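This briefing is arranged by topic for a reader who has the sequence and coordinates to hand. Please consult the structure below alongside the points that follow.

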Amino acid sequence: MATDIQTSPEKASNDRTRIIRDGLRRRHTSEQIFRGLGIAAIAIALGFVALLFVDVFRKGVPAFVQSNLHLSVTFDAEVIDVGPAPARADFPSDAEYTAASLKWQRDLALLNWNTIVEASLRKAAPEGFEIDSRQIQSIPETNARHQIREMFVRDPSLLGQTVEVDVLASANAANWIKGNIDRSLGDAQQQLSAPARQLIDTFVENGTISNGFAWTIFTNVDSRAAPASAGLLGAFVGTLWMMLIVVLLAVPIGVAAAIYLEEFAPKSRLTDLIEVNINNLAAVPSIVFGLLGAAVFINWFHLPISAPLVGGLVLTLMTLPTIIIATRGALMGVSPALRQAALGMGASKTQMVFHHVLPTTFPSILTATILGVAHALGETAPLLLIGMKAFVASVPATPLDQAAALPVQIYLWQGNENRNFFEPRTAAAIMVLLAVMILLNGAAIYLRSRLEKRA
Amino acid sequence: MNALVVAGVLIVLLGISYQTGWSKSRGLVTADGVKVHSRPQYHGSFTAIWAMVPALVILLLWAWFGGGITHNYTVSQIPQDILVSLDQAGLNGAIIRINALASGYGVAGEIAPWEQAAGDALRSFNFLTFAGTLILAVVAGGAGLAYARSRITARLRARNSVERVVNVLLLACSAVAILTTVGIVASLVTEAFRFFTFINPLDFFFGTVWAPNNAGGTNYGSYGLLPLLAGTLMITAIAMLVAVPVGLMSAIYLSQYAPKSFRAVAKPLIEILAGIPTIVFGFFALVTVGPFLRDFGNAIGLQISATSALTAGIVMGIMIIPFVSSLSDDIMNQVPRTLRDGAYGLGATQSETIRNVLLPAALPGIVGAFLLAVSRAIGETMIVVLAAGNAPILRGSPFEPVSTITVSIVNQLTGDTDFTGPQSLVGFALGLTLFVVTLCLNIFALYIVRRFREQYE
């Protein structure tokens, strides 16, 4: 009886301790699980970042290698049987001279330059190698004959001479060399005939074909007939024009609007409306801006379709809210002491804003501009709606010319039928786009830290 | 050439007028202690404004109307008997030839005497009108300059005038934002209204078949919104299923658990996802995620298309992870510390505090953030264009190809249409739907977030 009385509180307390311990263990386990979930979420997010970059890199790097054919081309006088190039002195006006030289070039274009290409290929092939004309023509890229013709147009004195020329191997040949296509597939599934494949391997062995860095990606414009020579130059310049327009328009207008709204606007219904309006514009889907561009700039104002000017205007309207919001934030952050000091010294409000407040916000405005431009750079959907889907194989000389843009070029290339060749090339274009974006973002971070330190 | 001359003249005018105002102002300061109201640069700017505005107005008027006047003059130079024999194309050809002769470039082939005469006449006309406009502009600018100069006295409030002009310019710039919205609404509504003259709105909003006949003719095909809406909502739901848990948990870990150094590295790395262009995500979905899901489905005996709602949804979810994460992080930081300290004081563990105190307190704000993410997912275009499969059919399986509102806008508006048939106009009706839906979501979400902020201020 007495022992019962003695043990029972002890037991009760033991029980209580055990319950608490169990509870604590359970709670600590769930704490660990919760924390583990957090780490897992971060791992997933970072994993996706890594996966995306690794994937694009793995696919894109091979596209920076191109296969070059080294040929010795003879400008056979029997094939090239047109007269000498017209000289300016023989004609009374520029127009007549242009007409005559155009006619001369047209005559040249009508010649069968393929025979010249084929002859030089056969010269490089082993003695007595049997391959028919169509098969051997599938090895060089289709623009090889244009390349050789243009050499002749530039220098007609080449007639009858033999010169060393580097031409690109065709996309199918490049696929075969790089192993983008399964080498064990049967003849029916191969793009190239058996003799052509054999000749390519011989060329690789004897050094007629060698691989080099694909500068053509940066120096050529897009091409459909000659996919191996398709490059990004036209798209890059188109993007450059658009970004120039965005910077020239969005920054002054955006900063001015922010100054007005933050510093001068009277508190009224109208300014409230503008404020709500800007916040909403920042969240409007980008494709709606494309619709605006198609209806207003192209259909009502009749601006040219697929021109960087229209693209630049649309992207400007899209970037404006970002710049306005960032600038307002920066203006709001300027210390009131600075304002009061300026006003106290007798400055007018305009002087206070432009001479004292605005200069201190310069770092923020600069970084907001760079980030806004980086965002506009990657935007694709609105450009598709203003006609930038079109295939353009030229470098736009003015913002009114037809042009492509980097992201649109990616869109066009990923849709190309020759998947084996264009998938790596699309990934390469993405690498270029990402490199530009990382460069811009890095510049923004660097400039911000530097300028803020100085301020 | 002409543009360079005009720019040069304008710059010279600007320089002279500013200098005139400035030096006159300097001359006001005499020894007898007259107090000048404005500083010399304001007098300079004042004169410059008075000189530049009239000159610019005249040049702009000429830029606007000059082309038409020149065209009429050229036509008037073609002899009457030849003019009547020309059709529209022939007339344009003749005008091009005359312009080529006038510019001195010349034309190929025989030059008719009347062409030569018209070319010569046009050359002198061009020269005279160009010189005339420029002289008129300079005279107007000079008159403005003289007037402004005569007004400069010690008491002239030049600074106030200049600041008023600056103010008007600033106001005009902020009006651009309003004009953008007006432009969006006006273009969407007018073009969508034109679409509804072809297609009954009821058939559009409640139709279950999307089959536009792009061939033209009077058979327009059917334009039912529901298959597109269903596809959009399905992809958005999948995206949120990916983005919300991952985004929210990583925000919780980064803001509550992670040491400062880890946070400083991991947060920017996650935000890289927000800066990647959507076309890159689309490519990633198309060539990597889609085939992977298809093979994975085959392995477990499930038929999954490479381009499907699932592919597009998962990749879109990845895209909005940083959006959800940084917004939730923001919101949770607004919850006062005292609430958390109270929970710790009662012996709660960290996860209990987060689940039972922090999250309920932050819930309205987080819901607002999710709505913003939903609105972004609905309006996203490139991922779904590449990876959703473009099959506008009403069905419930996420493993099948679908289509969305944005995909159909891109498909129907190729950029080279003239907006005459419902085939292209439907893009604007879809755009209007998209705009209204996202606008409502945004306004509602911003309202919730603002209410939430006020609650703790």
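The unreviewed UniProt entry annotates residues 43-65, 127-148, 168-188, 225-248, 269-293, 299-324, 357-378 and 425-449 of chain B as "transmembrane region"; UniProt positions are given in the numbering used here, feature names are shortened, and annotations may be inferred rather than shown by experiment. The model is predicted, so local features need pLDDT of at least 70 and side-chain atom pairs count only at pLDDT 80 or more, while totals for chains, interfaces and linings use all residues. Residues are numbered from 1 along each chain as its sequence is written, and chains are lettered from A and ligands numbered from 1 in the order in which they are written.

**Annotated segments of chain B**

- Residues 168-188 of chain B are 100% helix and 0% strand, with 30 Å between the end C-alpha atoms.
- Residues 225-248 of chain B are 96% helix and 0% strand, and here the end C-alpha atoms lie 33 Å apart.
- In total, chain B has 16 helices and 2 strands, where helices (H or I, at least four residues) and strands (E, at least two) are DSSP runs numbered from the N terminus.

**Overall dimensions of chain B**

- Chain B has a radius of gyration of 33 Å, whereas a compact globule of 457 residues would have one near 23 Å; the radius is taken over C-alpha atoms, and the globule rule is 2.2 Å times the number of residues to the power 0.38.
- The C-alpha trace of chain B spans about 90 × 80 × 40 Å along its principal axes.
- Of its 457 residues, 40% count as buried (20 or more other C-beta atoms within 10 Å of the residue's own; exposed means 12 or fewer, partly exposed in between, with C-beta atoms placed from the backbone).
- Among contacts in chain B with a separation of 6 or more, 74% join residues 24 or more positions apart; a contact requires C-beta atoms, placed from the backbone, within 7 Å.

**Domains**

- Chain A is assigned domain 1 (66-214) and domain 2 (234-454), with bounds from an automatic or database domain assignment.
- The C-alpha centres of domain 1 and domain 2 of chain A are 44 Å apart.
- In chain B, domain 1 covers 2-156 and domain 2 covers 206-455, and their C-alpha centres are separated by 54 Å.

**The sheet of chain A**

- Chain A holds an open sheet of 3 strands in the order β2-β1-β3, with antiparallel pairing; two strands pair if DSSP finds at least two bridges between them.
- β2 (162-168) and β3 (209-213) of chain A are at the edges, each with a single partner strand, so one side of each has no neighbour in the sheet.
- Neighbouring strands of this sheet are turned by 35° against each other on average, direction ignored (axes are lines fitted to C-alpha atoms, for helices over the stretch in contact, and angles run from 0 to 180 degrees between N-to-C directions).
- Strand β1 (residues 65-74) of chain A is joined to β3(A) by 5 bridges; A:Gln66 stands opposite A:Gly212, and A:Leu69 has A:Ile209 as its bridge partner.
- β1(A) is joined to β2(A) by 7 bridges, and A:Ser72 has A:Glu164 in β2(A) as its bridge partner.

**Residues with positive phi**

- Most residues other than glycine have a negative phi.
- A:Ser306 has a positive phi near 55° and lies in the loop between α11 (286-300) and α12 (308-332) of chain A; A:Ser306 counts as buried because 26 C-beta neighbours lie inside 10 Å.
- B:Asn390 has a positive phi near 50° and is placed in the loop between α14 (382-387) and α15 (405-412) of chain B; with 18 other C-beta atoms within 10 Å, B:Asn390 is partly exposed.

Key: Contact = placed C-beta atoms within 7 Å.
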